[in-house]
Number of protein chains: 2
Amino acid sequence: MNSKFYAVILAGGRGERFWPLSTSRLPKQLLSLVGGKPLLTRALDRLKGLISPDRIYVITNRDLIAATRRAVPGLSQRNIVGEPVGRDTAAAIAVGGALVGARDSEAILCVLTADHMIGDLDVFRGTLRAGLEMAMREDVLVTIGIKPAGPSTAYGYIESGKSIGSRRGVGFRQVRRFVEKPDAEKAKRYCTSGRHFWNSGMFVWSVRTLSAALQKHRPDLAVMMRELTSHAGTRGFQVALASHYRGLEKISIDYALMEKAENIVMAEGEFSWDDLGSWTALENQLPKDALGNVVLGSCASLASADNIVVSRNRLTALIGVKDLIVVQADGVTLVCPKSRAQDVKKMVERLKAGGRHGEVL
Amino acid sequence: MNSKFYAVILAGGRGERFWPLSTSRLPKQLLSLVGGKPLLTRALDRLKGLISPDRIYVITNRDLIAATRRAVPGLSQRNIVGEPVGRDTAAAIAVGGALVGARDSEAILCVLTADHMIGDLDVFRGTLRAGLEMAMREDVLVTIGIKPAGPSTAYGYIESGKSIGSRRGVGFRQVRRFVEKPDAEKAKRYCTSGRHFWNSGMFVWSVRTLSAALQKHRPDLAVMMRELTSHAGTRGFQVALASHYRGLEKISIDYALMEKAENIVMAEGEFSWDDLGSWTALENQLPKDALGNVVLGSCASLASADNIVVSRNRLTALIGVKDLIVVQADGVTLVCPKSRAQDVKKMVERLKAGGRHGEVL
């Protein structure tokens, strides 16, 4: 294991898309939706042999620190950092950069997500290693694009340019631009263009390159990163964090950096990847019964097909229904057609706005 | 109050139609679906001023005695009798007849249901009184027919014959025959014929007339009724009950008596009546929101119309669904289109057959 390699795992999810199973107190990354382990635990497991746990940082929000520690008991408590409030990915990455930079100003870090599904682990790890080595040699911001498995309208895309060679069997390309979630027609074109890749939200860069890019495009975050670097490991860290966060704008790393910087390259990720963006994602991850139902937990059904049922500790009885999502959680049941899975977020927002059922959001 | 007047309330429901809220341990008559009181309590309340509680008997099954007592605390414990097993209505009525006959061999008793909704209480009570008086004067079996409020296919019908006059404003008619649940076309004809009435399952007769009819058409039940009469109020009663019930055929009073006897008259019931035969019955009994949803309990909905939601102690969240029944009960959630409400029974039978979830059936 290369001692220059670090990982920062972003684990600040708000628990809206898998509501009511996920909540602000138990967001998606802490759920064991697939494979019996929380997604965050799996994200850590994927790094075994590549990055030492001592060099992995998890950025979550302050209220989730205890639950996060339980999900990754192999991680030292000082490697789990809680944000006082959520300020989107750019701020969280700057925090991670500071923690890593304080350990080693010449470190290379990959920024990973805590709540996605990744298959073809060897390919994933090969891609990460190639990205780390690339970022160690060159002053570039590496973004990992995923070769589209289909014409998804749920993801943003990276439109790549010329190939700039390959390393360890992983292709690297120039980046032309970032594209928002497309409509169905565009998605179809992107899927076959050979130039478009899904924007996975995973990055690799050196502390030095990250710091310089922030300095150029988001000086406020560069200032924070420097100050947090100097306070890392001291009591002043949390104070400085709280003080900076108070004034920060919410901005994603895509808007803050990736759409502006010029020294970006894309690694071609040829592994399977799913951001588990809604309940319907479970259909790709779990087996179906003879009538196409995906069931987690206990379900009795009569003449019911193609449903997604999550019913732990309760029995769900379906009669003559099709294409429904039915989810049981403590105190709440959701019933929603699969075609409206994206509206689960709206429901959570509405319940929050109404001040109702605070205990289940 | 006429001291010859008695009531026998049949309260032996098995709790299948309103599953999962109703179960074998908490059948429909013990649920407070409407108006904040169990249906059985309401059935008793309807008799106030007409029949003294001392002369009202409730026939339930043995396992429900404690719960039944709680629902009708105004009733003496000896007026609540538990059947060792369910043997349908004919047997239960013979038991009631025995208890009443032991008190007064010249008594008149009305047989009433514990789990139906009845409106227009004054009309109902007037009909009952007229029936009781008719049964006191004449050697007839009075059945109460309900003037159809619509072309229901969910009820059996009584085809009446000539009018035989009226009493207290209540018309009485000869009975031509009993008709099974009709198809939609027949139901439409019945609804406007003026001769067809819903078979409510409510009857009035003297102990003497009941006893003679059973002797003629179901001698086994007549024997049991006589024996139970002689044991009423003694320890021998339960022993005799268990011994007779063991060998009894399951048969309804309609098949056992009403379709065979010749001295039947029908009282025209001009009150509103609903047997609450399935979840969809709630739509006629409860108010709807602006989008046509009927909600008991806590429900948050987005773009959802014409649903029936029962969600006590839990939140049900609906997104974009229509014409569904969603019912939350301890440990179970049912999701079923309104058009398949009749299949709830099938689900219960299937779960029973599978030996699964005994705790919720």
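A:Pro20 lies in the loop that runs between β1 (5–11) and α1 (39–45) of chain A. Helices (H or I, at least four residues) and strands (E, at least two) are DSSP runs, numbered from the N terminus. The structure is a predicted model, in which local features need pLDDT of at least 70 and side-chain atom pairs count only at pLDDT 80 or more, while totals for chains, interfaces and linings use all residues; side-chain values use heavy atoms, with hydrogens and water left out. Residues are numbered from 1 along each chain as its sequence is written, and chains are lettered from A and ligands numbered from 1 in the order in which they are written.

A:Pro20 is joined to A:Trp19 by a cis peptide bond, with omega about 5°. In chain B, a cis peptide bond links B:Trp19 and B:Pro20, and omega is about 5°. B:Pro20 sits in the loop between β1 (5–11) and α1 (39–45) of chain B. A further backbone feature is B:Leu276, a residue other than glycine with a positive phi, near 50°. B:Leu276 is placed in the loop between β11 (273–274) and α10 (282–285) of chain B. Most residues other than glycine have a negative phi, and most peptide bonds are trans.

Chain A averages a pLDDT (the predictor's confidence in each residue, from 0 to 100) of 95, and 98% of its residues score at least 70. The model scores ipTM 0.87 and pTM 0.88.

Helix packing was examined in both chains. In chain A, the axes of α3 (residues 88–103) and α6 (residues 207–217) come within 10 Å and cross at roughly 135°. Axes are lines fitted to C-alpha atoms, for helices over the stretch in contact, and angles run from 0 to 180 degrees between N-to-C directions. α3(A) and α6(A) are therefore oblique to each other. Angles under 35 degrees count as roughly parallel, over 145 as roughly antiparallel, 65 to 115 as roughly perpendicular and the rest as oblique. The α3(A)–α6(A) contact (heavy atoms within 4.5 Å) brings A:Ile93, A:Ala94, A:Gly97, A:Val100 and A:Gly101 of α3(A) against A:Val207, A:Leu210 and A:Leu214 of α6(A). By class, this contact of α3(A) with α6(A) has six nonpolar, two polar and no charged residues. Ala, Val, Leu, Ile, Met, Phe, Trp, Tyr, Cys and Pro count as nonpolar, Asp, Glu, Lys and Arg as charged, and the others, Gly among them, as polar.

Helices α7 (residues 219–231) and α8 (residues 236–247) of chain A pack at about 165°, with axes 8 Å apart. α7(A) is thus roughly antiparallel to α8(A). Residues in this contact include A:Met224 and A:Leu228 of α7(A) and A:Phe237 and A:Leu241 of α8(A). The contact of α7(A) with α8(A) has seven nonpolar, three polar and one charged residues.

In chain B, α6 (residues 207–217) and α7 (residues 219–231) pack at an angle of about 140°, with their axes 6 Å apart. α6(B) and α7(B) are therefore oblique to each other. Among the contact residues are B:Leu210 and B:Lys216 of α6(B) and B:Met225 and B:Arg226 of α7(B). Seven nonpolar, three polar and two charged residues make up the contact of α6(B) with α7(B).

Chain A superposes on chain B by a rotation of 180° with 0.0 Å of shift along its axis (RMSD 0.0 Å). The two copies are thus related as by a two-fold rotation axis. Superposition is by least squares on the C-alpha atoms of residues with pLDDT of at least 70 in both. Of the interface residues of chain A, 100% are also interface residues in chain B, so the copies meet through the same surface.
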